[in-house]
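Here is a short briefing on selected parts of this structure. Look it over, then read the points below.

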Amino acid sequence: MENEQAEAWIRFCRETDPAETLARMIPFVREVGVSRIADISGLDSIGLPVAVAYRPTARSLATCYGTGVTLTEAKASAVMEALERFCAENPKITLRYASYDELLGEGRVVDLDMLPRIRDAPPPKFRRSLWARATGMTSGDTSWVPFETVHLDFALPLPTNLECLLMGSGGLASGNTTKEAAVHAINELIERDALALWRAKGSDINETIIDLESVNDPWCTGILSTLSRSGVRTAVWDMTSDLGVPAFFCEISSDNSSTFRNVSPAAGSACHPLTGIALGKAMLEAVQSRLTMISGTRDDLTREMFMRGSPRAPLEEPNTCAGKDFTDVPNVLGFASIDNAIENLLDRLRTAGIDEPLIVDLSHDVIPAAVVRVIAPGLEGSCDAPGYTAGARARRLAANQDGDVENG
């Protein structure tokens, strides 16, 4: 089974293994602003690899973290994240300065009401701002999207924008090829949407905790064993949405008696068509989040975060619950190629009533890797982002739950 999962992982998400990707990118790390790649695994007692790529001249975050089950995977992940941010900070794309109403009169433009926002007020459709040219992932048609949903140039003053849309890294991804990057981007968008919907369930998320004894994936059981040996408690919840792509939320925690550090609980989430990979990535993300807090070098960490820790799931002793069987979360199988995978993911979005995703190619010709930004109008944005405002899907879920409570 382990070999089957490994082959599926390479076939679905990577067209080149991490070692080759890292070797190909090393000559270009200074091009993307990386001054140093550090192994920070030893700062924690867990022992799973976490690497940091430092970018002192970044126009967004100056540290990019990566993780994996080997140090090579962790370094490759950190470098590729650095590449993503560099390309989004320095986009070489076609822009327009116009209003929504002007672009609507000329042709196709994204529906602003379907994009994640940071306030309830409607976007000003008469106001002129910068727009980027995007391509429909199904139709191939050109469409215009707000530039602030594409770039990561956060140096002040910000480029002219609509001042109401959620800006961040959601849907930004890199890969060895454009299609590979697109798969990563779509998975991340589905993950963030699933997390927002799962959190909107309130106390009902107690029913989604996974019985870790039922986990039968060798890769995942290996990570769980490593966490257990280090004295870390692990809790996992199934947050798979109506899109049907496996997604998990993981929290790891420890106390002073089991580790040499007093560390607040750390959380991570992930989405992937294979349940084993989705779960493994969620656990590794939690490990990375914990080391991010320990190292304390990320730009957006605040004093309040160290005082209150990461957002917690509402269970004090999660491992005492019987939980949901891991094998009850179905895989999304049957892909012969990355093309088939993209087609399946787009079909799932379409079935759920999500508008056609749009893609912007942010790749730089001189760098041997691809970077894209995918925008999926209608999906929820990152619910952890400052100012997050629930979209239609989250509001609809909350309304349905309120109705169930009243009927009960």
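Gly175 is buried in this predicted model. Its relative accessible area is 2%, and buried means under 20%, so Gly175 falls within that class.

**Gly175 and its surroundings**
- Gly175 sits in strand β7, which covers residues 172–175.
- Beyond its neighbours within four places in sequence, Gly175 is in contact with Met80, Glu180, Ala181, Ala369 and Ala370.

**Strand β3**
- Strand β3 spans residues 63–67.
- Five of its five residues are buried, so β3 is largely enclosed by the rest of the structure.
- Thr63, Tyr65 and Thr67 point one way from β3.
- Cys64 and Gly66 point the other way, and they are buried too.

**Pairing of β2 and β3**
- Strand β2, residues 50–54, pairs with β3 in the antiparallel sense.
- Five bridges join the two strands.
- Val52 has Tyr65 of β3 as its bridge partner.
- Tyr65 is also among the buried residues of β3.

**Helix α3**
- Helix α3 runs over residues 71–89 and has 19 residues.
- From its first C-alpha to its last, α3 reaches 27 Å.
- That is close to the 27 Å expected at 1.5 Å a residue.
- Helix α3 is mostly covered, with 14 of its 19 residues buried.

How values were computed:
Residues numbered from 1 in each chain as written. Predicted model: local features only at pLDDT ≥ 70, side-chain atom pairs only at ≥ 80, totals over all residues. Heavy atoms only, no water. Buried < 20%, exposed > 50% of the residue type's maximum accessible area, 1.4 Å probe, protein only. Helix = DSSP H or I, 4+ residues; strand = E, 2+ residues; numbered from the N terminus. Pairing = 2+ DSSP bridges. Contact = heavy atoms within 4.5 Å. Expected span 1.5 Å × (residues − 1).
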